[in-house]
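Thanks for coming. I will go through one structure briefly, starting with its annotation and then two local regions.

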Amino acid sequence: MTKRPANLPERIQHYIDGQNVDSVSGETFDVIEPTTNEAYIKCASGDKADVDLAAAAARKAFDEGEWPRMLPRQRAQVLYRIADEVSKLNEELGAIESFDSGLPIRQAKGQANRAAENFRFFADLIVAQHDNAFKMPGRQINYVNRKPKGVAGLITPWNTPFMQESWKLAPALASGCTVILKPAEFTPTSASLWPGIFERAGLPKGVCNIVHGFGGTAGDSLVKHPDVNLISFTGEVGTGKIIYGNCAPNMKSMSMELGGKSPAVIFADADFEAALDSTLFGVYSLNGERCTASSRILVERPIYDKFVEAYAQRAKKVVVGDPADPTTEIGALVHPEHYDKVMSYIEIGKSEARLIAGGKRPEGLDKGNYVEATAFADVPRDARIFQEEIFGPVVAITPFDTEEEALELANGVEYGLAAYVWTKDVTRAHNFAHGIESGMVWINSHNVRDLRTPFGGVKSSGLGQEGGYRSLDFYSDQQAIHLTLGDVHTTRFGATGYADNDLGLGGPSA
């Protein structure tokens, strides 16, 4: 076991109405450390009773509290203070995230800065935000009145958990919503930092509540609760479909990001070394546990053999080891259940394609959820390792001969989250990107985020988009207000004596 971080709580509790509390039932579950799979802390296990308490606190804070009624600048000042508090915890958070999730420490250390930036970004955005007004001279003025939607249920994943939580918390709070956060049960520890952050920043009690637990209990109760107005979920597609159905009876708004099987398409004229570096990073960083991983690499035939050989050589040198070691490039996968899933796909891949790197547990790492950087070549389009999301350090490499074939391969899966195109031909880059069925495309780059742009997918990769103003749109209702400036021509139903030709419905609309 790697060194336990300092300042961990004795146990992880819910945070409801400004108080750290145990489950009503008293139930807990063990949180394990991925390098040994030994339990190291207990976490409160929530169910309907705990969600009821959190929903009551969030609803009261929304209906009666000051948060939804603050001026945007006032809320922004609190968000800036949250960001400052998060930044102070960079070293502490990095150690906790690495220990709890198995993420290499040098990748975990950046998560606090990214989380802080999410709060600063949305603080800036609500101050700069404007809505439209439309004038019909002498007749009417119409404007948009934006209002927070209500109580937001936020269900977050276990990969880079603290940063992912901030990605939902920041726009929800910025919009004036109150929230109930349900962190992933595999990685709940860093979420225990939020209560102290919020209190030091001056967030009113009840505005943010945290209920830990499993999807089938705490998550299910949150989705079904009648006082929760909207659900933002990041996770796998099967769970997303269940949430979709459970939101329907109460007509909840939904935003769901459900993973991907993203292609990186490399044309023969691409910058070879840059494409090689980027695709290695794109699938092996964050232990391969990332929704936008370039897990399918499509390579034009003239450079295919060269690329496969170079990729295999580099993949074999990727350093797998203790997440606390700053030289580690791949740490331990988050949980033994997930490790077993990834290893089962590797065994499937051995019967479907040519293994060129990895494929087993690294030597000398007999405990924990370690797997080598793994690559398969000559992968057919109907292979399971080509079609299905593995969410680990495993990549499928496939050749193509024409642009048409490359586009067919890129689009030939159920997912459509991200894609990557490598070519020096600018015209081809744009036209090809436009043809890809995905919510996001990067040209000659790996995943470099601009927080102003939409984030989300198509097909089975999700519903809706967040990022920038789209996040504020999701957490807000936009009410159209129409004010009359002059006489309104109204046909007088039930009156006598109006002209036969008085059949108007108010005249032209603009």
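The UniProt record, an unreviewed entry, carries the annotation "domain: Aldehyde dehydrogenase" over residues 24-480; such positions are given in the numbering used here, feature names are shortened, and annotations may be inferred rather than shown by experiment. That span is 40% helix and 20% strand, and its end C-alpha atoms lie 43 Å apart. Helices (H or I, at least four residues) and strands (E, at least two) are DSSP runs, numbered from the N terminus.

This is a predicted model, where local features need pLDDT of at least 70 and side-chain atom pairs count only at pLDDT 80 or more, while totals for chains, interfaces and linings use all residues. Residues are numbered from 1 along each chain as its sequence is written, and side-chain values use heavy atoms, with hydrogens and water left out.

Now the strands. Two strands pair if DSSP finds at least two bridges between them. E6 (residues 140-148) pairs with E5 (residues 133-136) in the antiparallel sense, over 4 bridges. Alanine 133 stands opposite tyrosine 143 in E6. The hairpin of E5 and E6 has 3 residues between the strands, and glycine 138 there takes a positive phi near 75 degrees. E6 also pairs with E22 (residues 476-484), again antiparallel, over 9 bridges. Lysine 147 has aspartate 477 in E22 as its bridge partner.

Last, two helices. H14 (residues 403-411) and H15 (residues 426-435) pack at about 35 degrees, with axes 10 Å apart. Axes are lines fitted to C-alpha atoms, for helices over the stretch in contact, and angles run from 0 to 180 degrees between N-to-C directions. In contact (heavy atoms within 4.5 Å) are Glu403, Ala406, Leu407 and Asn411 of H14 with Arg428, Phe432 and Gly435 of H15.
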